[in-house]
Structure formats: C-alpha cells, structure tokens
Amino acid sequence: MTTTLLTQLTYPGREPDTLICGLCAHRCGLRAGQVGRCGAILHRAGALHSRAAGRPAVLHADPVERKPLYHVLPGAKLLSLGTLGCNMSCDFCQNWRISQIHPNPAGDSIPPAAVVAAALDQGCAGIAFTYNEPTIYLDYAAAIMALAKQAGLLTAFKTNGYLTPEAIVLLTQPDWPLLDAVNVDLKGFDDGYYRRVCGARLQPVQDAIMQLHRRGVWVETTTLLIPSVNDSDGELRALTGWLASVSPDMPWHVWRFHPDYRMTDATWTHVRDVERALAIGRAAGLRYVYASNLPGDPNQHTRCSGCGAALIERAGNATTALHLEAGRCGKCGWSIPGRFAQCEVQK
Ligand code: SF4
C-alpha cells in the first residue's frame, strides 16, 4: 500500500472508531461515515479519503498576477486548478459558488499526468492550486506537483494558511520540495473576527506564514479589506507590523472588497482606504505593498526599494518588466526578492 500524505496525517482518536485528520488546524475527529468540516475528507473503511481529489471544478490558464503573486515569474501563465469544498466558511467568500459546496465523489477524475500535460500544452510556466483550499485535496496536489517539478514547472498554492505544521513539513522536505510559492490570505488580525466570520482561528495562519517562509517557500500575503470590519488603523498597524517582523521583503497585497455571499449588505472598499492601508504597511516597514485588484492603479507596480526605479509595471493583465535583470534592479543593482528564474527540470 502506498503511504499517502493523508495517511501520514491521520491519527487515532480517543474513541476507538474515530480518526483525527491532521491536514488542517481544525483537526476534525471523524467516526466511520463522517465527513470533516471541509466537506471533503471522509472516514471510510478505517481510513480517511479526500472526495475532492481528482475532480477539478476549475482548470484554466491564468496570469500569475491574478493569484496574486507579483514576485514570481512576472507575466507568466499558471494552469490554475480548484475543486469544490473548503475548510473555512468566510461570510465574504468571493469564490463561494465552488468553495461552499461539498465535493461530489461521483464522475470522472482527471489524473495528475493529464493536469501537467495540459499545463505544458497551454504554455504555462507552472501550476497553481487556487480558488478553494488545496489542503483538502493535498495528495492530489502533491502528485501533480511531483510531476510538475519533473517537467520544470513552478508550483504555487493560493491558501488560507490553515495547514498544520506537519502538513507543511511534508510539502517542503529538503530532498523533495514540492511547493515553490504561496499566497496566503491573512484575512485580518483579530482572532474573534476569524472565529466569527471565517469559522477558524488566527494563530494557525500566523504560524503557517512563518513556517512556510522559514522553510524556503516564497510567501506573499493578501488581505481583503472590508469597510468597518477589518480596516481600522489599529488592526492594520498590528497586522503589517507583524508581517514586517517576519520579513519586510514579503509582499503584501491589499484586495478591494465587493459585496458577496453572506456580506451583501457591506459596501465596496473605497480606493482611499486601500491607499490608507498601503501607507500603513509602508510605515510598518514593508517594502513591497500592492493594490492588487485596482486595474491601472500605480500601486500595482513594483519599484526598487533601493533607488525607487520602476521595475515592473502592471495594467490589467499586461505586465511589463522594465528594469528587472535576473532578479536585480537594472539601475542600481539592488536584489529584488522573489522567484524570477524559470524552474529547472528535475531528474
Ligand atoms: S481538512 Fe477537512 S477534515 Fe481535515 S481537519 Fe481540515 S476541515 Fe477537518
């Protein structure tokens, strides 16, 4: 029997017929026939299985900037895969039509090799696991990532950061590193907000950001700014101060909210509040802060934190590398943090 990541992350519960899932910080205890909070992990025949594995609900090529990853292969396309289900239940979810539906285990599955072949056929530089939480189908993602690495493709997660420390260790083994880059949603900086609005806790997300960074994964973070909910100066100062303490070079994306799902009464984020958040991030010491879903806004561009030269300009889906040369500023030579070189084929 092959030892899967999920097998390695399955623990016996206190009750004899209960298994604990160690994929994410919920650590659900599941009796036979029960499904976890994500709707994906099922206890069947003495083992845990993912009903989301093998069944993408979304599979298409997308610009890397849409993840958003701004310091990873600018202008590249990533084949972007998402399934049904999620381990959080955010009231503001903008992908709720797939994330808040339980996976249907019936129907055809798409094997990992076919996903990698599709990425190569479509001229993608990598594969992103996005739109819903990839943790809930970790083995499927890992099988695709292993083949992707052999083909010289970059691998990326768009994640809510609720992975357990041991799941992160399995994805980042020094002799088998599967994951190149992540964008982690840091949805706010208040544990009560996480519990009330997202059905989760803040601390595991902070722990994952630190651990991923320390284990050599390229990390960017995103905060969806919701008016009068998570956008106070105090909360933003605390959030960005903490991010800067992890690394001032870690890009922070501020994402403008639009009313959706269970938050249709809230208002759109005003542009001036996005700019206020960016100013707070810069004052906290973050060198790369972005207004990532404001097309045409100059705060989408990357500037050299050494001399201020414009290095990468972004307008809609168009990305222009101006003075970025092998990860350095072409004007002053300042090293720009990120993953700017195409991956090599792994033997
Ligand atoms: S992945 Fe699903 S089953 Fe496993 S701990 Fe998280 S919510 Fe529970």
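**Exercise 1.** How much area do domain 1 and domain 2 bury between them, and what percentage of it is on carbon and sulfur atoms?

*Solution.* The model is predicted, so its local features need pLDDT of at least 70 and side-chain atom pairs count only at pLDDT 80 or more, while totals for chains, interfaces and linings use all residues. Residues are numbered from 1 along each chain as its sequence is written, and side-chain values use heavy atoms, with hydrogens and water left out.

Begin with the bounds, which come from an automatic or database domain assignment: domain 1 covers 5–50 and domain 2 covers 58–300. To the contact (heavy atoms within 4.5 Å), domain 1 gives 17 residues and domain 2 gives 23 residues. The buried area, meaning the accessible area (1.4 Å probe) that two parts lose on being put together, summed over both, is about 1600 Å², with 60% of it on carbon and sulfur atoms.

**Exercise 2.** Find the salt bridge across the interface of domain 1 and domain 2.

*Solution.* The rule asks for a side-chain nitrogen of Lys or Arg within 4 Å of a carboxyl oxygen of Asp or Glu, and across this interface it finds one such bridge. The side chains of R27 and E166 meet in a salt bridge at 2.8 Å, N to O.

**Exercise 3.** Classify the ring pair of Y70 and Y290.

*Solution.* Rings of Phe, Tyr and Trp (its six-membered ring) pair if their centres lie within 6.5 Å, and planes under 30 degrees apart count as stacked, over 60 as edge-to-face and the rest as tilted. The structure holds eight aromatic pairs. In the pair of Y70 and Y290 the centres are 4.7 Å apart and the planes stand at 65 degrees, so the pair is edge-to-face.
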